[in-house]
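The entries follow the order in which I went through the questions.

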Amino acid sequence: MSTLESLQSRRGVLRWLSGAAILYFGGAPRPGAGAAQPNKIVPGASSALIVVDVQNCFITGALAVPHGAEVVAVINKIAPAFENVVLTQDWHPRGHASFASTHPGRKPFETVKLPYGNQVLWPDHCIQGTADAALDKELNIPQAELIVRKGFHRDVDSYSAFEEANRTTGTGLRGYLNERGIRTLFVCGLATDFCVAWTALDARKSAFETYVIEDACRGIDLEGSIDAAWRQMRARGVRRIQSSDIELGFESGTPAIKPGR
């Protein structure tokens, strides 16, 4: 999936994934800094940035998202505006049920039936402890408090940062955020129309105020899958914003829009 041409060769499985996604979803001045820009968002103490799967696999590996590397600079720019940051990683054991190599006679991008439903078979990817599974080396968020690793149960895949593909096994993220008193989430990363969208929709299902930062994401976009994901997110109350909507470099103050307070 490292080029658009290779993406097209996987038309069938990505069409199925797009269908699955559709079925699931669709101020006051600062001290010493002058006035905040009107309508800028200043994340509060009960807001968190969720950075989804900015890993080598999805940037340069077998499952690379087109232009995926472009999100890194945007995320690095906005991250200092957040007191709370959570990162996610796909984190599979060898022999994971989602790997074609685990199923004799099967090839990557075929679909099989598993106990929890249809499962696309992927090339071996994001194997625990490998460079492929590592976060991109240019990602610079030293204040990140938590890494949520998903897909580490051998028999079930995981797209959302909240629940695995069986829709019953939680990752623990919901409990962590609730325990911390976090109420507002800003989601970014890879890919817009899959793991980002599933994460944002599960956030809304769990009653979090949810924003997706569009220019801090990249998607696959097969036959309109990005537009379909945005429609579904909008229908569930997910707010679509740009990185320029976030006030950067603030220290304190009361902005015009202040979620997470």
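I began with Ser158, which I find in the loop between strand E7 (146-150) and helix H5 (173-180); helices (H or I, at least four residues) and strands (E, at least two) are DSSP runs, numbered from the N terminus. Before going further I note that this is a predicted model, in which local features need pLDDT of at least 70 and side-chain atom pairs count only at pLDDT 80 or more, while totals for chains, interfaces and linings use all residues. Residues are numbered from 1 along each chain as its sequence is written, and side-chain values use heavy atoms, with hydrogens and water left out.

Ser158 has 2% relative accessibility and counts as buried, where buried means under 20% relative accessible area, exposed over 50%, and partly exposed in between (1.4 Å probe, protein chains only). Not counting residues up to four places away in sequence, I list Asp90, Lys150, Gly151, Glu163, Glu164 and Ala165 as touching Ser158, a contact being heavy atoms within 4.5 Å. Asp90 lies 68 residues from Ser158 along the chain, yet their C-alpha atoms are separated by 7.8 Å. The side chain of Ser158 also reaches the backbone oxygen of Ser160 at 3.3 Å.

I counted 12 salt bridges in the structure, each being a side-chain nitrogen of Lys or Arg within 4 Å of a carboxyl oxygen of Asp or Glu. One of them joins Arg174 to Glu163, with the closest N and O atoms 3.4 Å apart. Because Arg174 lies in helix H5 and Glu163 in the loop between E7 and H5, this pair ties together parts that are 11 residues apart in sequence. Arg174 is partly exposed at 26% relative accessibility, whereas Glu163 is buried at 10%.

Glu163 also meets the side chain of Lys205 in a salt bridge of 3.3 Å, N to O. Lys205 lies in helix H6, so this pair ties together parts that are 42 residues apart in sequence.

I then looked up Glu209 and Arg239, whose side chains meet in a salt bridge at 3.3 Å, N to O. With Glu209 in strand E9 and Arg239 in strand E10 (residues 239-241), the pair ties together parts that are 30 residues apart in sequence. Glu209 is partly exposed at 25%, and Arg239 is partly exposed at 45%. Elsewhere, salt bridges that share partners join Glu163, Arg167, Arg174, Asp202 and Lys205 into one network.

Arg167, although not a glycine, has a positive phi of about 65°; Arg167 is in the loop between E7 and H5 and is partly exposed at 24%. Ala207, also not a glycine, has a positive phi of about 75°; Ala207 sits in the loop between H6 and strand E9 (209-218) and is exposed at 63%. Leu190 and Ala191 are joined by a cis peptide bond, with omega about -10°.

How many disulfides does a search of the whole structure find? I found 0 disulfides, taking a disulfide as a pair of cysteine sulfur atoms within 2.5 Å. For Cys195, the closest cysteine sulfur is in Cys126 at 9.3 Å, too far for a bond.

Terms used. A polar contact is a pair of N or O atoms within 3.5 Å; within protein, one must be able to donate a hydrogen and the other to accept it, and residues adjacent in sequence count only if both atoms are side-chain atoms.
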